[in-house]
Each structure stands twice: as C-alpha cells, then as structure tokens.
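My entries follow in the order in which I made them.

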Amino acid sequence: MNEMAPISREERVEKLKGLGCSRKRVEDVRFTQGKGNYVDDLKLPGMLHGDFVRSPYAHARVKSVDKSAALALPGVVAVLTAEDLAPLNLHWMPTLAGDKQMVLADGKVLFQGQEVAFVVASDRYVAADAVDLVVVDYEELPVVTDPFKALQPDAPVLREDLQGRTSGAHGDRRHHNHIFLWEAGDKAATDEVIASADVVAEEMVYYHRTHPCPLETCGCVASMDTVNGKLTVHGTFQAPHVVRTVASLLSGIEEHKIRVISPDIGGGFGNKVGVYPGYVCSIVASIVTGRPVKWIEDRMENLTATAFARDYWMKGKIAATKDGRITGLSCHVTADHGAFDACADPSKFPAGFFHICTGSYDIPVAHVGVDGVYTNKAPGGVAYRCSFRVTEAAYFIERMIEVLAIELGMDAAELRAKNFIRKEQFPYHSALGWEYDSGDYHTAWDKALKAVGYADLRKEQAERVEAFRRGETRKLIGIGLTHFTEIVGAGPVKNCDILGMGMFDSCEIRIHPTGSAVARLGTISQGQGHATTFAQILASEIGLPADSITVEEGDTDTAPYGLGTYGSRSTPVAGAATAMAGRKIRAKAQMIAAYLLEVHDGDLEWDVDRFVVKGAPERFKTMKEIAFASYNQAIPGVEPGLEAVSYYDPPNMTYPFGAYVCVMEIDVDTGVHEIRQFYALDDCGTRINPMVIEGQVHGGLTEALAIAMGQEIAYDEIGNVKTGTLMDFFLPTAWETPHYTTDFTETPSPHHPIGAKGVGESPNVGGVPAFSNAVHDAFRPFGLRQSHMPHDHWRIWKIARDLGLHG
Ligand code: PCD
Ligand SMILES: [Cu+]
C-alpha cells in the first residue's frame with residue numbers, strides 16, 4: 001500500500017537533486033579513495049618512456065648534438081633531434097596564436113629549459129640517465145629577458161626564422177623582436193578627454209609572470225596501433241577534440257583513426273590547453289618504434305618550460321571630473337610573450353579579452369594598445385584561471401581606481417559606486433566594444449560593504465594610523481576593495497575560434513529504457529565536478545534523478561565534438577547545450593506521453609518529472625514510463641529510442657561579477673601580513689550547485705592569494721629561472737590560507753537557457769586585486785601609490801623601508 005502512496009511535489013523535486021541543490025560531488029568517491037585514473041597510472045604492454053634533453057642556456061646556438069653515448073646505453077631505443085623530425089616536417093609546430101614553435105631545438109635555443117632532444121628508453125630511469133649522456137655543443141648568445149630592452153634597436157635578434165618579416169599573424173611588426181600591436185577603442189577621442197580632464201591619474205601597473213602549476217604535471221601516452229593504423233593518445237588535455245584535429249592535421253593520419261582520451265586530470269588551470277613538444281615527440285616515437293610511449297614532466301620541467309601566465313606591463317591613464325565621474329581610460333600594454341607566441345586566446349584577440357579593462361564602470365571613452373614582444377623566456381601566456389587576460393584587465397582597472405581615489409582624495413568605495421554601470425543600463429555597450437549581458441553592481445556592492453562593516457573598518461584603520469604615529473603599534477591595517485566584471489563563455493563562433501575552430505560546445509544524451517541516462521559533453525573536467533553539476537542541469541530539464549545520469553567527457557571516440565574546458569566556458573556553453581539537448585528529449589517525450597494518454601500534445605503540461613493532462617492531475621506519464629515506452633512500444637509516426645544532441649553556439653558571452661573585501665594586518669618591521677577577514681560575494685547568475693561554487697571560490701581565492709602575495713616565475717639577467725622548484729615557487733598550503741566568507745547575489749544571464757554564468761575563474765580575477773589593494777591601502781596614509789606584486793614579506797618590508805617607516 002505504502003509504496004503506492006503518491007509523494008508530494010516537493011519530494012519529487014528533492015529526489016531529482018537538480019538545479020540549486022548542493023549535491024555531493026560524485027567524483028569524490030573515487031578521488032578520496034585513491035581510485036582516480038590519471039595519465040601516469042596508465043601502463044600499456046611494451047610501453048617505452050621518453051625524457052627531454054633541455055637547454056641550460058636561455059639563448060645559444062646549438063652547434064652539434066652527439067647522441068652516440070646515449071644510444072649505447074642498454075635500454076635506450078631512440079634519441080630524436082630536430083634533424084630526425086625535419087623530414088616529417090615536425091621539427092616546428094604551429095602555436096595556438098598563429099606563430100610557430102620549435103618542437104626540438106633547430107639551430108638554436110631561445111629559453112632555458114627548451115627541448116633539445118627526446119630520449120626514448122625501456123624505463124623512466126634509463127631515459128633520465130641517457131639524457132645526461134647526450135652531448136650538446138652550445139655557443140652562448142646575448143640574452144634579453146626585459147621586454148622593453150628587447151625592443152631597443154640594438155637588441156639581439158631572437159627569432160632568426162622571422163628575420164625580414166614585417167608582419168605576422170596579427171598584423172605589422174615594427175622591430176625584429178616585436179610580435180604585434182593590437183588596439184581597441186577610440187584613441188583620438190580618449191587622448192582628447194585625458195588632455196582636457198580636471199584630474200588624471202597615471203600609473204604603470206605590472207602584473208608579473210607566474211605559472212598555473214597544477215598538482216599533476218603535463219604528460220601523455222601515445223600508442224600507435226600499426227596493424228589497424230589507429231593512433232590513441234591519452235593525455236592531460238583541456239581540449240581533447242582540438243588535440244585530435246591538430247594531431248590529424250600535423251601527422252596526416254585521418255581524424256577517425258585518432259582517438260584522444262583525457263582521463264582524470266589533476267588540475268588544469270589553463271596549463272593544459274596548449275600543445276607541447278612532449279606530445280609531438282611521444283607520437284612520433286610511438287609511430288617510429290611501434291610501441292606505446294609515455295612522457296610525463298617533472299615539477300621543474302613544468303614550471304620552467306610549459307605555459308606561463310601574465311607578464312603584462314600596463315601603463316594607464318584614467319581621467320575624471322573633480323567630483324569623481326570617470327571620463328576616460330587609456331592603457332598601453334607591453335606584453336612579454338617569451339620566445340614563441342603561444343598564447344591561448346581566440347584567434348581574433350591576441351591580447352585575449354583584455355579590453356574588458358573598463359571593468360564595472362561606465363566609462364564613456366577608452367583606448368587600449370597591446371604590444372606583444374619576444375624575449376628569452378618560456379612561451380605560453382595561458383589563462384591561469386582568468387578568461388583570456390581578464391585577470392590582467394581586472395587588476396589594472398582596480399589598481400587605477402585606487403590611484404584615482406588617491407588623486408581625488410576620495411574614498412575608493414564611494415568612487416566605485418559613483419561610476420558603476422547602473423542596473424537599468426544593461427545590456428550595456430562598453431567603450432571597448434563588449435555587450436555586458438546583465439548585472440546589478442550596486443546591490444552587490446552595498447551588500448558587501450554592509451557585511452564587512454565598511455565604515456567601522458575605516459574608522460579602525462584611521463585610529464590605527466594615529467596609534468602608529470604615536471609609536472604605540474607597529475602594525476597597520478589595509479582594506480582591499482574590488483568590484484570585478486568577468487567575461488566568460490567563448491564563443492560565439494562568429495567572434496571566437498582557436499586555430500580556425502569555432503568555439504561552440506555540445507552535449508549528447510541517451511536515455512536508457514529503464515529511465516537512466518548517459519550524457520556526453522565536449523568539455524572536460526579537471527576537478528571542477530562536471531559529472532556532478534551537468535547531471536543536475538539535466539535532472540531539472542528531463543525529470544530523471546541526477547543520480548541516474550552518468551556524465552562522460554574526454555574520449556573523442558564517444559563524446560561529441562567540443563572545444564574543451566578553460567575560460568569558464570563549460571557552464572555558459574556546454575551547460576547551455578546540456579539544457580537544450582534535454583529540452584529536445586522532453587519535446588519527444590511529450591509526443592510519446594500524448595500517444596500513451598490518448599490526448600493531444602498541447603493538452604499536456606510538464607510537472608517536475610512527468611507530463612500531466614491539463615485539468616486532470618491524476619492522468620500522467622512519468623519520464624521513466626515514457627523512456628520505457630519509447631523503446632518498447634510502437635508509436636505511429638515516432639522513431640523508437642530517446643536520444644538528443646545539441647551543438648550550442650552562444651549568442652554572447654556571460655558577464656559574472658563580484659564584490660570582494662580583504663582586511664589585512666601588516667607588520668611594518670617584518671613585512672609579514674595576516675589576513676583578518678576575506679569576504680567574497682559572487683554573482684554567477686543561476687547557481688547550479690552552491691557547494692561546488694563555494695569550492696570553486698575557495699580554490700580560486702587561494703590561487704589569487706598565491707599570485708598576489710608571493711608566487712612568481714622570476715628570471716635573472718642571463719635568463720636562468722630562479723623559481724623553478726616548489727622551494728622557491730610559492731604554493732600556499734592550509735597554513736597560509738585564510739578563512740573565506742562567501743556570499744552571493746543572483747542575476748541570471750538573459751540569454752543562457754538556464755541563466756547560468758561561469759564562476760570558476762571569478763575568484764582569481766577578483767581575488768588578486770583585493771589582496772594587492774589591501775597591501776597598498778595599508779601604506780596609503782604614508783604616501784604609497786603603486787608597488788609591484790608579488791607582495792612577499794621582503795617586498796612589503798621594502799615598501800615600509802622606502803617610505804621611511806623603519807625610523
Ligand atoms: N552558475 C554556476 C556556474 C558554475 N557552476 C559549477 O562550477 C564549476 C565551474 O564552472 P565554470 O565556471 O563553468 O568553469 P569550467 O569551464 O567548468 O572550468 C574552467 C575553470 O575551472 C576552474 N576551476 C578549477 N577547479 C579545479 N578543481 N581544477 C581546475 O583545474 C580548475 N580550473 C579552473 C580554471 S582555470 Mo582556465 O583553464 O585558466 O582558462 S578556466 C577554469 C562547474 O562544475 C559548474 O558546473 C555552478 O554550479 N553554477
Ligand atoms: Cu581564463
């Protein structure tokens with residue numbers, strides 16, 4: 001009797017664990033029990049191991065490579081150099097930015113750690129020993145690590161392969177180390193406003209070079225089945241389908257004969273978007289030897305040779321009226337791209353989406369110009385938890401606002417509120433060409449200031465300064481404010497492509513007869529929890545419990561084509577595809593239900609997990625019943641089965657935003673800081689899983705803490721990487737990580753089928769300026785305007801010293 005008792009509507013909703021539910025992450029059962037399956041766990045019969053000979057020099061001519069001693073070592077199967085790859089035309093490869101990059105040193109090396117030869121051996125240790133036996137004769141060349149010096153007339157020529165070329169993939173080159181000048185906005189109008197403004201604040205804002213440093217380094221296993229002609233590559237790929245297409249174009253192997261699999265990934269953070277020489281060499285080595293070849297980086301290789309992030313010198317001018325209305329903004333960026341332009345940005349945007357740098361403010365005119373420059377540093381320029389240079393943009397504008405507030409003698413919170421784009425201005429067209437889809441900045445800002453007790457904090461800070469001046473304390477208080485606007489979810493295809501591949505995404509759903517399902521997407525989780533959250537979107541759309549839906553990603557033989565996961569695009573693009581595919585399922589289910597209930601389609605309405613006859617609630621068919629009928633009952637005019645696929649090209653990007661406040665205590669004598677409070681309000685539109693969002697925010701804030709307070713990839717004058725190990729490269733642990741208070745407002749995206757915006761990147765975009773502004777704010781009463789990150793203890797101590805605070 002009891003099991004037949006109808007359950008309430010609320011109970012049915014709850015059972016689905018759909019949108020808005022803090023459903024526990026289904027992935028964690030395997031991750032917390034050591035059952036994850038990462039690329040280095042893969043062991044194939046007869047598998048060989050590859051390892052690189054790397055350049056110790058940042059710039060040198062390679063006069064000869066002698067591999068005889070290495071080849072003589074028992075267990076060594078092959079040693080590849082550029083000469084071996086040249087006949088296959090694989091000694092250079094295209095980069096994501098329209099440049100090309102050496103796979104193995106071809107005549108010279110251009111950065112420390114560059115790949116010179118690839119040793120293949122029966123085990124990893126033999127390979128490493130053989131690396132030491134390869135004798136390379138180098139002739140050192142002058143090194144440039146400073147992008148400004150690289151542009152001087154007498155700077156050494158880095159890219160001899162480009163000599164005489166006056167234009168590149170992104171237009172004119174005006175110097176042998178110049179890559180491009182990219183511009184947006186109205187220069188003449190901006191210059192005019194700045195020239196005649198009441199107040200102009202000018203500053204050089206540097207966002208230093210850093211590195212995503214995922215816990216799992218990059219790697220792959222390439223396996224050529226010479227009998228069937230099929231190549232399988234397992235690897236740490238954030239965009240498996242793109243890797244397949246590129247591998248096909250480069251190797252000439254037909255795309256259906258290539259299978260790319262991203263297994264579990266131990267963090268990506270943008271580091272695993274690009275194509276690395278290790279992938280190409282492993283594939284070639286597998287084809288040559290007919291055996292599987294594994295290549296896995298060590299930590300130093302990852303930090304010194306794979307994609308770095310940032311390295312933007314941003315010279316800004318911001319103009320305002322006396323009472324604090326911003327009237328114009330200009331920015332010129334000198335962007336250090338390293339030895340090859342391998343930035344991961346949509347083709348049309350060599351500076352990514354940097355021109356979101358007007359931020360959350362209604363700025364009538366603006367102009368940006370970005371000069372890309374070659375130096376003797378590692379190539380890359382990936383996101384690292386920012387969609388395509390948005391972190392740089394947010395840091396720039398949030399610093400400029402602070403500097404302007406100093407210039408105006410105005411409170412920085414008030415200055416922000418005065419210039420926010422107002423709610424009724426959305427959709428808002430920015431001076432640099434974006435259409436912000438939605439936002440409600442004042443509500444978020446007021447909520448944040450109220451939550452932290454802003455007025456009281458300012459009072460406490462002022463009292464502390466007085467006490468400091470009286471010699472009663474050596475600690476200052478800094479209040480770091482940030483209001484950021486993100487831009488995530490590339491496409492649309494008409495604006496955004498990578499190597500000509502349009503940035504849509506996809507979802508394919510197959511409902512099984514008993515009412516469970518599998519959904520496959522073109523994206524790939526690296527820890528974000530897609531298997532949990534995408535099932536929730538679907539549960540709400542099709543009325544089957546999330547627990548009955550398996551989400552699969554990362555196998556190009558089974559998943560529909562998609563552009564992968566980075567730039568917080570999975571929710572805005574693949575998440576939308578998931579909802580749309582779900583709606584197709586529901587449309588077919590409605591036809592089936594109408595037949596079963598002997599009514600017209602239009603007489604049915606959807607109710608949580610079933611179709612109900614309007615006005616007759618006792619007559620319904622559940623999704624589970626419909627699924628069974630779809631396979632097992634002949635329905636006139638309807639094909640058997642219940643499947644759908646959606647390829648979704650978003651009409652616009654989504655614009656998440658947030659308001660962050662960091663309260664920091666700084667010891668003037670030691671430079672040691674303590675974060676007393678960190679409040680983060682995020683608005684990512686409709687929230688799929690609040691717990692996953694909170695986890696994303698905690699992770700992103702901790703990366704922001706790292707970047708702002710200590711993490712950097714630093715070079716000395718001759719191009720040695722000074723921070724190539726975790727002894728020197730700051731990676732915060734629970735010890736350094738403060739407590740975070742998270743909060744939210746919910747402003748749905750008007751164009752996304754469920755109103756969701758991305759969130760994964762936001763905490764980094766907003767976090768870095770919040771931490772950095774707190775440091776600056778502590779010393780503001782003593783005359784500090786701008787000081788470069790990272791703010792490690794030594795640099796903070798130096799600020800205090802330079803301001804004369806050490807007595
Ligand atoms: N509204 C909403 C949104 C979102 N979400 C969720 O959250 C997450 C995220 O999302 P998104 O934002 O969309 O993103 P995606 O695409 O998925 O991802 C990406 C990101 O993600 C982040 N996070 C993370 N986490 C982890 N764990 N790991 C990793 O690696 C990572 N990474 C990082 C990065 S860096 Mo780049 O690449 O740089 O560009 S970008 C990035 C997922 O799960 C989702 O679903 C929800 O729930 N809701
Ligand atoms: Cu990004």
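Predicted model: local features only at pLDDT ≥ 70, side-chain atom pairs only at ≥ 80, totals over all residues.

**Core and cavities**

Leaving out residues up to four places away in sequence, I found F353 in contact with P346, S387, F388, R389, V390, W434, I487, A490, C496 and M653.

Next I looked up the largest nonpolar core, which has 184 residues. The members that touch the most others are M314, F353, F354, F678, F771 and F779. Helix α11 (residues 390-408) gives this core its largest share, 12 residues. I noted another core apart from it, with 47 residues, including I509, A546, A579 and A594.

For the largest cavity I noted a volume of about 170 Å³. Its lining consists of 17 residues, and Q101, G274, V275, Y276 and A342 are those nearest its centre. Two or more lining residues come from each of β4 (92-94), α8 (240-251) and β20 (380-382). I sorted the lining of the largest cavity by class: 13 residues are nonpolar, four are polar and none is charged.

My last entry concerns the second largest cavity, which holds about 60 Å³ of space. Which residues line the second largest cavity? I listed L96, A239, V242, V243, V273, V275, I498, L563 and Y566. By class, this lining has nine nonpolar residues, with no polar and no charged ones. I noted that V275 lines the second largest cavity and is also among the residues nearest the centre of the largest cavity.

Notes
Residues numbered from 1 in each chain as written. Chains lettered and ligands numbered in written order. Heavy atoms only, no water. Core = buried A, V, L, I, M, F, W, Y, C linked by side-chain atoms within 4.5 Å. Buried < 20%, exposed > 50% of the residue type's maximum accessible area, 1.4 Å probe, protein only. Helix = DSSP H or I, 4+ residues; strand = E, 2+ residues; numbered from the N terminus. Contact = heavy atoms within 4.5 Å. 1 Å grid on protein atoms, 1.4 Å probe; cavity = no way out; pocket = protein on both sides within 12 Å on 5 of 7 lines; lining within 4 Å. Points joined across faces, edges and corners; volume = space filled by probe spheres on them. Nonpolar A, V, L, I, M, F, W, Y, C, P; charged D, E, K, R; others polar.
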